Amino acid sequence: MKDKIQVLYFGSSTCKPCEYVKPIVKTMQNVGWDITYVATEDHPDLVTNYDISSVPAFIKLIDGKEVGRHVGLLPLKTFKEFLEKPID
């Protein structure tokens, strides 16, 4: 299923929790998850389109449609559960 899922990871260069979560994101990218970093200061259009009001924020997409969202810092186990959670 992970080959069909794309995750947008919204963050900011001034966000400390975003820095803490980077190694967790990298770990999941290394096992094949498609996770794209979106710098909020560089992409205000995407921030508006996805209604991002706090970072870090993770938007899980299938075929460009949002199927899941998590906002805030999370440990590896929780991030993995978010990614692997079945889609209804």
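These legends accompany several views of one predicted model.

**Figure 1. Overall fold of the predicted chain**. The chain holds 3 helices and 4 strands. Read from the N terminus, the order of elements is β-α-β-α-β-β-α. Along the principal axes, the C-alpha atoms occupy a box of roughly 30 × 25 × 20 Å. The radius of gyration is 12 Å; a compact globule of 88 residues would have a value near 12 Å, so the two agree.

**Figure 2. Contacts and burial across the chain**. Of the 88 residues, 39% count as buried. Contacts between residues at least 6 apart in sequence were sorted by separation, and 67% of them join residues at least 24 apart.

**Figure 3. Surface and charge**. The accessible surface of the chain is about 5,400 Å². Carbon and sulfur atoms account for 52% of that area. The chain carries 11 positive and 12 negative charges.

**Figure 4. The aromatic cluster**. Five residues form one aromatic cluster: Y9, Y37, F58, F79 and F82. The count of aromatic pairs in the chain is 5. Two of the pairs, Y9 with Y37 and Y9 with F58, are taken up in the next views.

**Figure 5. Close-up of Y9 and Y37**. The ring centres of Y9 and Y37 are 5.0 Å apart. Their planes meet at 65°, over the 60 degrees that marks an edge-to-face pair, so this pair is edge-to-face. Y9 belongs to strand β1 (residues 5-11) and Y37 to strand β2 (residues 34-39). The pair links distant parts of the chain, 28 residues apart. Y9 is buried, at a relative accessible area of 3%. Y37 is partly exposed, at 38%. Buried means under 20% and exposed over 50%, so a value in between counts as partly exposed.

**Figure 6. Close-up of Y9 and F58**. How are the rings of Y9 and F58 arranged, stacked or edge-to-face? Their centres lie 5.0 Å apart and their planes are at 15°, so the pair is stacked. Planes under 30 degrees apart count as stacked. Y9 sits in strand β1 and F58 in strand β3 (residues 57-62), so the pair ties together parts 49 residues apart in sequence. F58 is buried, with a relative accessible area of 0%. Y9 is also buried, with 3%.

Note on methods. Residues are numbered from 1 along each chain as its sequence is written. This is a predicted model: local features need pLDDT of at least 70, side-chain atom pairs count only at pLDDT 80 or more; totals for chains, interfaces and linings use all residues. Side-chain values use heavy atoms; hydrogens and water are left out. Helices (H or I, at least four residues) and strands (E, at least two) are DSSP runs, numbered from the N terminus. The radius of gyration is taken over C-alpha atoms; the globule rule is 2.2 Å times the number of residues to the power 0.38. Buried means under 20% relative accessible area, exposed over 50%, partly exposed in between (1.4 Å probe, protein chains only). Contact means heavy atoms within 4.5 Å. Accessible areas come from the Shrake-Rupley method with a 1.4 Å probe; for residues, only the protein chains shown count as cover. Lys and Arg count as positive and Asp and Glu as negative; His and the chain ends are not counted. The place of a charge is taken as NZ of Lys, CZ of Arg, CG of Asp or CD of Glu. Rings of Phe, Tyr and Trp (its six-membered ring) pair if their centres lie within 6.5 Å; planes under 30 degrees apart count as stacked, over 60 as edge-to-face and the rest as tilted.
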